[in-house]
Amino acid sequence: MDYLSSGFSKVDGSQDPGVFFSCLQTLCSLPYFQDYKKKSFQLLNPTKCSRILEVGCGLGGDATAIAEMIGDRSYVLAVDSSRKMIERAYKASGNEDSVLYCLGDACKLPFCDRAFDGARADRVLQHIADPRKAFSEMVRVVGERGRLVVYEPDWGTFIINGGQREISRAMTRLFGDTFPSGWIGRQLPGFFREEGLEKIQVKPETFTTDDLDLAIKVFDLINNAHRAEQMGYVSKRQAEGWLEDLRKANNHGRFFCSYTGFLVYGEKPAGSLI
Ligand SMILES: C[S@@+](CC[C@H](N)C(=O)[O-])C[C@H]1O[C@@H](n2cnc3c(N)ncnc32)[C@H](O)[C@@H]1O
């Protein structure tokens, strides 16, 4: 079974990588994601950078969007640890030659120090067991005054209205606990400070929906409920009853669900020895 919370760290090992491709396609079609992505591009300010690194590029849509904002002599290098993602992204990019694709691990970026003017990662560190290492790699490969932009959710902020309180608590907790780094959102500002970055900005971005069908897709609610049952968080009856309660709540206009992600910006100081 492919779970969205734990499967993005090993897409190439999946029997059906299409699950991950279609999840990314759904998310990038939603206004919330389009909106914070646009803000993250503004923070990166690609017109001021000529060499940009996109870490964990997925299907490559963001790398292409950034490439459209930069000058002729500039380029975006998009890296991902999944060969299947990189292949999809490369095919989708058509003749866009200002995006270069590369297979690589965020924790061991295959680039020399200060090779880029800016680096961005979007919902990637949550899938990495050592997100601190991945972030310090991003800092290493960016030069003086280099711009770093990262957006990550914090799954401790995940709330659902509609089911029994204790069951909803167990379900949201399980979802967060099955990400390699489900609390990355709250850790991220500290990472920027520990690396000595300057001009740090932290912007909370809250997603909400009252549409159960959408929540099922975005938060993998049905698979997650079955997993909660298998892992002993809840009984089979509780899991099924909870999903039924959510459907009833949805029919009566009471279903609600939300989480907060954090968009964080920082700049590498001039004269930095990192
Ligand atoms: C949730 S997707 C986000 C993709 C893209 N940033 C977006 O916003 O649509 C996470 C991506 O990170 C990649 N990934 C996971 N672990 C990685 C690692 N250690 N190094 C590089 N990429 C990784 C996955 O293959 C996947 O493409």
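The structure is a predicted model, in which local features need pLDDT of at least 70 and side-chain atom pairs count only at pLDDT 80 or more, while totals for chains, interfaces and linings use all residues. Residues are numbered from 1 along each chain as its sequence is written, and side-chain values use heavy atoms, with hydrogens and water left out.

Seven strands form an open sheet with mixed pairing. Their order is β3-β2-β1-β4-β5-β7-β6. Helices (H or I, at least four residues) and strands (E, at least two) are DSSP runs, numbered from the N terminus. Two strands pair if DSSP finds at least two bridges between them. The edge strands, β3 (99-103) and β6 (198-209), each pair on one side only. From one strand to the next, the twist averages 15°. Angles run from 0 to 180 degrees between N-to-C directions, with axes fitted as lines to C-alpha atoms, for helices over the stretch in contact. Strand β2 (residues 75-80) runs parallel to β3, and five bridges join the two. Aspartate 80 stands opposite leucine 103 in β3. Helix α6 (residues 131-140) lies across β1 (51-55), β4 (116-122) and β5 (142-161). Its direction is at about 155° to β5.

Glutamate 54 is in strand β1. Its relative accessible area is 1%, so glutamate 54 is buried. Buried means under 20% relative accessible area, exposed over 50%, and partly exposed in between (1.4 Å probe, protein chains only). Contact means heavy atoms within 4.5 Å. Leaving aside neighbours within four places in sequence, glutamate 54 is in contact with Asp62, Ala63, Ile66, Val76, Leu77, Ala78, Val79 and Arg120.

The ligand is surrounded by 19 residues. The closest are Lys37, Gly56, Asp80, Ala106 and Asp122. An N or O atom in the side chain of lysine 37 is 2.8 Å from a ligand oxygen atom. For arginine 123, a side-chain N or O atom is 3.0 Å from an oxygen atom of the ligand. A polar backbone atom of serine 81 is 3.2 Å from a ligand nitrogen atom.

Zero disulfides (pairs of cysteine sulfur atoms within 2.5 Å) are found in the whole structure. Cysteine 107 is in no disulfide; the nearest cysteine sulfur, in cysteine 102, is 15 Å away. Cysteine 107 counts as buried, at 18% relative accessibility. Cysteine 257 is buried at 0%. The closest cysteine sulfur to that of cysteine 257 is in cysteine 23, at 14 Å, too far for a bond.

Conventions
Near = heavy atom within 4 Å. Polar contact = N/O pair within 3.5 Å; in protein donor to acceptor, adjacent residues only side chain to side chain.
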